[in-house]
Amino acid sequence: MLLDELAATSEQVAATRSRREKVALLADALRRAGADEAEVAATYLGGSIRQRRTGVGWRSLGTLPAPASAPTLTLPEVDAALEHLTTLSGPGSQGARQTALDALLGRATAREQQYLAGLLTGEIRQGALAGLLVDAVAAAAGVSSTVVRRAAMLAGSAPAIAGTALTEGAAGLSAVTVRVFTPVQPMLAASAPSVAEALDKAGPGRPVAIEAKLDGIRIQAHKRGDEVRLYTRSLDEVTDRLPEVARAVRRIDAETLIVDGEALALDASGRPRLFQDTASAAGGLVPFFFDVLFIDGEPLLDLPLVDRIDRLGEVAPVELMVQRTITPFPQVAEAFTEHVLAQGQEGVVVKSLDAPYEAGRRGSGWVKVKPVHTLDLVVLAVEWGSGRRRGWLSNIHLGARNADGTFTMLGKTFKGMTDEMLRWQTERFLALETHREGHVVHVRPEQVVEIAFDGLQRSTRYPGGLALRFARVVGYRDDKTAAEADTLETVRALARG
């Protein structure tokens, strides 16, 4: 399949606001790609590339070579060229990377060059998000979206199972199961403003699990014998960065294993340090596990939580288990919450004992409660500071994610920033700069920041109709992508109370 066909499809998808038409266009392109090229095609149609890091940024794309007069680039050729970029390192690699990139772009038409630039920088704005891609794979293969969604969650992404869907249909997709060393999309928690409301969501009067909510790095640990691999919530492998966590996983009494938990930095007294300390720690993180997905050849995702807790307790040392209590009584849940908050933890997660592990889903099976309202937002622009902050990028513009992949501004803040943070963000946002308007530096919407705030208020100044009250920076979240930021609908739900 020619890259030009996907570039044309992307233009068509961007030109329509109809979800049905977007799905139909994507599905048609996937059918034309066929099974052998389905994974690459689906990845590109979703606005990304298969390679995690190519070393290519906006500066590398500043001056494009003369475009080709006719399309000849195939998807395998493009994928191989991008894979080659990932192998370049060491002295002279920057020049070699630019030479290889120019060779690829020189074979591309003008439309293909723009499409490739968008893929390499994550700037494809066509609304082809994960949900659309799942539906498109289902439509292309003629199978249920539910079946595709489950297989995609277990395989890590919709592109990973696109070829199976096209060739084997529902039967092949149903055979996709959790496997050691294939990371699974993590189950996520909904939010509630209080323990009482979280208990209502989980089922009033029923026993629930109340767990300490740790402000660490989400870790999915896979083990086979002595081999351990660790993955983040974005499914990136970080084993080499966390040797002490790998050593802890080896202590769990199972030949094959997949467990879910958090790793965080503790101070000398055992209290959690700030998230920035955890995120920047070169070592010394301590893991705490709260769920198990697989033990000794047996997938456990569909078991109720109460059974998974028992199975994890049978094999894991107690010091590696997250703090938890099981109770039907609100007063016990409130007391446990006060206990973990006094220990410096972020809050609690209320979990239904009947809930299966819903990979990649955010539902009422897990409900997190934090004492302070926080949102994970995306920085859209930054203003140059004045006075003591002159020469630093200071006031950040905050955006919530929309369903089509764009962002809606909710306000600005410079509160909570240390001098160290100001220095860091000045360098970071200049690297993400797209253009300037006076003292405002507009940036690519990539950096996630955790914002605490006291409430929401109506606003005619911002397009979403809402603004944050007394917003302040808790910390930058390098462990999250812009696609994982909180949505405008989440913000509106908070405003509705």
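Helix 1, residues 3-15, has 13 residues and reaches 19 Å from its first C-alpha to its last, close to the 18 Å expected at 1.5 Å a residue. The expected span is 1.5 Å times one less than the number of residues in the helix. Helices (H or I, at least four residues) and strands (E, at least two) are DSSP runs, numbered from the N terminus. This is a predicted model, in which local features need pLDDT of at least 70 and side-chain atom pairs count only at pLDDT 80 or more, while totals for chains, interfaces and linings use all residues. Residues are numbered from 1 along each chain as its sequence is written, and side-chain values use heavy atoms, with hydrogens and water left out.

**Helix 1**
- The buried residues of helix 1 are Leu3, Asp4, Leu6, Ala7, Ala8, Thr9, Ser10 and Val13; buried means under 20% relative accessible area, exposed over 50%, and partly exposed in between (1.4 Å probe, protein chains only).
- These buried residues pack against helix 2 (19-33), helix 3 (38-45), helix 4 (75-86) and helix 6 (110-121).

- Five strands form an open sheet with mixed pairing, in the order 1-10-9-2-8; two strands pair if DSSP finds at least two bridges between them.
- Strand 1 (188-192) and strand 8 (324-327) stand at the edges with a single partner strand each, so one side of each has no neighbour in the sheet.
- Strand 1 pairs with strand 10 (residues 362-369) in the parallel sense over five bridges.
- Ala192 stands opposite Val369 in strand 10.

**Glu211**
- Glu211 is found in strand 2 (residues 208-213) and is buried, with a relative accessible area of 2%.
- Its side chain makes a polar contact with the side chain of Arg324 at 2.8 Å; a polar contact is a pair of N or O atoms within 3.5 Å, where within protein one must be able to donate a hydrogen and the other to accept it, and residues adjacent in sequence count only if both atoms are side-chain atoms.
- Leaving aside neighbours within four places in sequence, Glu211 is in contact (heavy atoms within 4.5 Å) with residues including Phe290, Val322, Phe336 and Lys351.

**Positive phi**
- Most residues other than glycine have a negative phi.
- Phe181 has a positive phi, near 75°; Phe181 is found in the loop between helix 9 (158-174) and strand 1 and is buried at 12% relative accessible area.
- Asp296 also has a positive phi, near 45°; Asp296 lies in the loop between strand 6 (286-295) and strand 7 (298-299) and is partly exposed at 46%.
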